[in-house]
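Visitor: Could you take me through the terms used for this model, setting each value against its cut-off?
Guide: Gladly; let us look at the model and begin with a single residue.

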Amino acid sequence: MIKSFFVAAIVLLSCALIEAAILSNIAIIPAIPDLSLICLLYISFHNGKLLGEGSGFISGLFLDFLSAAPFGLNCLYRTIIGFVAGIFNKTINTEGLLVPALLGALATIFKSILILFISFFFPLAVIAYNPISWMFVFELGINTILTPIIFKLLNLFKNSLVLTPETMV
């Protein structure tokens, strides 16, 4: 389990660095695709609640350090997303194209709902999504398109990322 957690942390750190250093500097895209959210979904769906919420917290921590968001915001909602996705551990077949795309869309919508909910408690610190803005629609669309691709890419590293039943604790 420790090996899977460290490999997941490296994957999530790589995604956070790509988002913060490369994708955020491309001026023509209206919103940054959330690569670490997609990787978190994969890790949570294949490993369960415990590794899902731990990976969600770590990915949020990486993004909190790399972004201008209030410290702890990304940790909070990504931990919740990792836990909720981990509830469906090995019950949803993520091998095709349609199901991962649907999961990516649902996770992006759930993320925006969580941020909207958190913004009610911290209205001056947290900027909520506008669900009818082009920025949200673009992020929803690009996450939906990228989820099956990233799931297929992460399947190449399945031996290191996914716990086998013998090693689950």
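Visitor: Why is Lys90 called partly exposed?
Guide: The relative accessible area of Lys90 is 47%, and since buried means under 20%, exposed over 50% and partly exposed in between (1.4 Å probe, protein chains only), Lys90 is therefore partly exposed. This is a predicted model, in which local features need pLDDT of at least 70 and side-chain atom pairs count only at pLDDT 80 or more, while totals for chains, interfaces and linings use all residues. Residues are numbered from 1 along each chain as its sequence is written, and side-chain values use heavy atoms, with hydrogens and water left out.

Visitor: What is the phi of Lys90, and where is Lys90 found?
Guide: Most residues other than glycine have a negative phi. Lys90, although not a glycine, has a positive phi of about 55°, and it is found in the loop between helix H4 (73-87) and helix H5 (98-121), helices being DSSP runs of H or I with at least four residues, numbered from the N terminus.

Visitor: What makes Ala85 count as buried?
Guide: Ala85, which lies in helix H4, has 5% relative accessibility and therefore counts as buried. Leaving aside neighbours within four places in sequence, Ala85 is in contact (heavy atoms within 4.5 Å) with Leu41, Ser44 and Phe45. Ala85 and Gly48 are 37 residues apart in sequence, yet 7.7 Å apart in space, C-alpha to C-alpha. The cover over the buried residues of H4 includes H2, H3 and H5.

Visitor: Why are H2 and H3 called roughly antiparallel?
Guide: The axes of helix H2 (residues 35-47) and helix H3 (residues 49-66) come within 7 Å and cross at roughly 165°. Because angles over 145 degrees count as roughly antiparallel (under 35 as roughly parallel, 65 to 115 as roughly perpendicular, the rest as oblique), H2 and H3 are therefore roughly antiparallel to each other.

Visitor: Which residues of H2 and H3 meet?
Guide: Ser36, Leu40, Ile43, Ser44 and Asn47 in H2 meet Lys49, Leu51, Gly52, Ser55, Gly56, Ser59 and Leu63 in H3.

Technical notes: Axes are lines fitted to C-alpha atoms, for helices over the stretch in contact, and angles run from 0 to 180 degrees between N-to-C directions. Helices (H or I, at least four residues) and strands (E, at least two) are DSSP runs, numbered from the N terminus.
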